Amino acid sequence: MSVINRKSLLVLLFILASWITFTVVQNSAKLWTTLKLPISLHHWNYFTNSLCPDASLNPVVSLAETELRIKKIMEELDQLVPPRPFTHVNTTTSAAHSRATLLNPQDTYCKGDQLDILLQVRDHLGRRKEYGGDFLRARMSSPALQAGASGKVTDFNNGTYLVSFTLFWEGQVSLSLLLIHPSEGVSALWRARNQGYDKVIFTGQFASGTSHVNTDCALLLNSSAELCQYLDAQDQEAFYCVKPPQAPCAALTHMYSKNKEVSYLSEQERSLFERSNVGVEIMENFDAISVSQCNTLKSVDLHELGKFQNLLAVDLDKNINIQWQKHGYPLIGSLIYSVKDIEYLARVIDRTGGEKNTIIVISLGQHFRPFPIDVFIRRALNVHKAVQRLLLRSPDTMVIIKAENIRDMDADMERFSDFHGYIQYLVIKDIFQDLNVGIIDAWDMTIAYGTNNVHPPQSVVRNQINILLNYIC
């Protein structure tokens, strides 16, 4: 494979960490309407319509308009995740007691067929649930072919789901349907996420002569002490630190963070997020199915992820310049980092001239999960406005949005559950649907690969990067 052969190519990578994965579709407006979302919450198919259908295409959006858009999106999300209080864990959804039934079973299926499964969820006492909203993940795989694909889950909001798989390849295919969180857990996570900004503690380091002084920092500080405000004046995004007595606010040089021992979940709710209750297999007793080529021609949407080939090579002699930029606060890191290296992405995009040989890849997600969703929505809207301005002055610039990876199931669910990531995935999908940007659907791809790791294996990263480079070339 030839390396990128565009003249004087500039690639800007705006990502959350040093891991990044790629697949690209050129026209996001078409992509969003054909996405096969692998996880279901009540009425999340509503997101095929914009949360902000009346949003102006004028890039000069006032702060008041931004606040109204944030409020509108928040209201829609609140409707999609209704409160589901429970009196005992036994009344929550049970993977073991739920029933999955294969519809129209056959001895042999043909490549390209759709396989449908009816799921009826029950609680731990074996009683039928009367509402939906469970956080489910459907996947099919063939270890022999090193292939996998996500399934589509349709929630009928009455305790019944339709799980659909497209049979992309021949041979033995295994099916999986995981209960990541019951609907009651989803409701608890949503309430807890939006209840406080203090799940992560930030510590700022100020230079004071030959010594250093550490103080508390946060997106929101409840303190009577004098505060330093680090404000992005254009988009009104701010970060705060307690001002040291002997140092100016400009003396802030470094930052690090750690999780705080705080929880907005009740003891009963926390029991839903013990590792044994997260990602429980529902179709444990399902046998693998046999798929044949058959003689009929079928239209297949090739979402298949096959074997991994080709190594990535980047040749700087061909005038390829790759730049990597950390996003602005909140940047989570247990290791100390320089605040001089971080900047709000909207400002970086505004400084970018752009042209046909410029590619910008933007990824927002993992570091926002522990904070109320309005923080993420505001950042996504501000980046959207910056991309809109960029494409007006330089329509030939290629802009690509990278979705989040799924991550480990033994992480702190209150802070880092994939439920939080999926909400952000839908928000990004909705906010950017009116722009001509590409999409790296790492969410769907890492489900297909079954990585369950915030840092996917090198084989996954390599395969996705190859797809990106082949698309560019």
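This is a predicted model: local features need pLDDT of at least 70, side-chain atom pairs count only at pLDDT 80 or more; totals for chains, interfaces and linings use all residues.
**View 1. The aromatic pair formed by F368 and F376.** Across the model, ring centres lying within 6.5 Å define a pair, and by this rule the count comes to eleven aromatic pairs. The ring centres of F368 and F376 are 5.6 Å apart with the planes at 75°, so this pair is classed as edge-to-face, the class for planes over 60 degrees apart. F368 counts as buried because its relative accessibility is 1%, and F376 likewise counts as buried, with a relative accessibility of 0%.

**View 2. An aromatic cluster that includes W190 and W443.** Together with these two tryptophans, F135, F419, Y422 and Y425 make up one aromatic cluster.

**View 3. R84 and the ring of Y131.** The charged end of R84 is placed over the ring of Y131, at 4.1 Å from the centre of that ring.

**View 4. The largest nonpolar core and the surroundings of I377.** This core comprises 77 residues, and those with the most contacts inside it are M255, I362, I377, V387 and F432. Helix α6, spanning residues 373-393, supplies the largest share of this core, namely eleven residues. When neighbours within four places in sequence are left aside, I377 is in contact with I70, I73, M74 and L77, and also with V427 and I431.

**View 5. Another core, lying apart from the largest one.** This second set has 26 residues, among them I117, M140, F168 and I289. In soluble globular proteins, nonpolar side chains tend to be buried together.

How values were computed:
Residues are numbered from 1 along each chain as its sequence is written. Side-chain values use heavy atoms; hydrogens and water are left out. Rings of Phe, Tyr and Trp (its six-membered ring) pair if their centres lie within 6.5 Å; planes under 30 degrees apart count as stacked, over 60 as edge-to-face and the rest as tilted. Buried means under 20% relative accessible area, exposed over 50%, partly exposed in between (1.4 Å probe, protein chains only). A charge sits over a ring if NZ of Lys or CZ of Arg is within 6 Å of the ring centre and within 35 degrees of the ring normal. A nonpolar core is a set of buried Ala, Val, Leu, Ile, Met, Phe, Trp, Tyr and Cys residues joined through side-chain atoms within 4.5 Å. Helices (H or I, at least four residues) and strands (E, at least two) are DSSP runs, numbered from the N terminus. Contact means heavy atoms within 4.5 Å.
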